[in-house]
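The stops below go from one selection to the next.

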Amino acid sequence: MEQILFFIVSAIAVISAGYFVFARNPMYALLSLIVTMFSIAGMYVLLNAQFLGIVQVIVYAGAIMVLFLYILMMLNLNKEDESRKQNTLKFIGVFSAGILLVGMLGAFRGFNEEILASPDIDYSVGLTKNLGRLLFNEYVVPFELASILILAGIVGAVLIGKKDI
């Protein structure tokens, strides 16, 4: 049952990602990208990585997509802008997609099914309890250093953005 649900969610992700690529209206493309992000979060949850699923929803489907939506509203793209694209850009896109297809076919050719049939799967890998234990026991110094760097970046951005100190 879990595998069937995984295939359904992954099919939704692939279909909505394909619609994102081929949509004419940028608003519909952005909405399909949000559906793709939610379905990827669903795949994370099905793979027992609940923390990654929640972060996917909060960061990508939430914050980043709202930012894209805001920029899209500010740009006010019309259908007239679509006809101005040059044919060389379209050719480069098709060529890049062909190279990606060849690379994926090569990767699937070397695929080994014995990896999927491994009976010794550790189902506690993606839980937040284990992540928190690792983060605050073994990696507490790098975690605190990263938080100091982020704080310094925020203070620097405020100082640069402020006109009068």
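Select Asn48 in this predicted model: Asn48 sits in the loop between α2 (26–46) and α3. Helices here are DSSP runs of H or I with at least four residues, strands are runs of E with at least two, and both are numbered from the N terminus. The phi angle of Asn48 is near 65 degrees, a positive value in a residue other than glycine. Is Asn48 buried or exposed? Asn48 counts as buried because its relative accessibility is 18%; buried means under 20% relative accessible area, exposed over 50%, and partly exposed in between, with a 1.4 Å probe and protein chains only.

Two conventions apply to every stop. Residues are numbered from 1 along each chain as its sequence is written, and side-chain values use heavy atoms, with hydrogens and water left out. In this predicted model, local features need pLDDT of at least 70 and side-chain atom pairs count only at pLDDT 80 or more, while totals for chains, interfaces and linings use all residues.

Next, select Thr36, in helix α2, together with Ser16, in helix α1. The side chains of Thr36 and Ser16 make a polar contact at 2.6 Å. A polar contact is a pair of N or O atoms within 3.5 Å; within protein, one must be able to donate a hydrogen and the other to accept it, and residues adjacent in sequence count only if both atoms are side-chain atoms. Thr36 is buried, at 8% relative accessibility, and Ser16 is buried too, at 7%.

Stay on Ser16 and display the backbone of Ala13. The backbone oxygen of Ala13 is 3.2 Å from a polar side-chain atom of Ser16. Which residues does Ser16 contact, leaving aside its neighbours within four places in sequence? They are Ser32, Val35 and Thr36, where contact means heavy atoms within 4.5 Å. With its own neighbours within four places set aside, Thr36 is in contact with Ala13, Ser16 and Ala17.

Move to helix α3 and select Met73. Met73 counts as exposed, with a relative accessibility of 53%.

Now colour the chain by pLDDT, the predictor's confidence in each residue from 0 to 100. The average is 81, and 82% of the residues score at least 70. Confidence is highest in helix α1 (residues 2–22), at a mean of 91, and lowest in helix α4 (residues 79–82), at 57.

Finally, select the whole protein. There are seven helices and zero strands. Of the 165 residues, 15% count as buried. The accessible surface is about 13,500 Å², 72% of it belonging to carbon and sulfur atoms; areas come from the Shrake-Rupley method with a 1.4 Å probe, and for residues only the protein chains shown count as cover.
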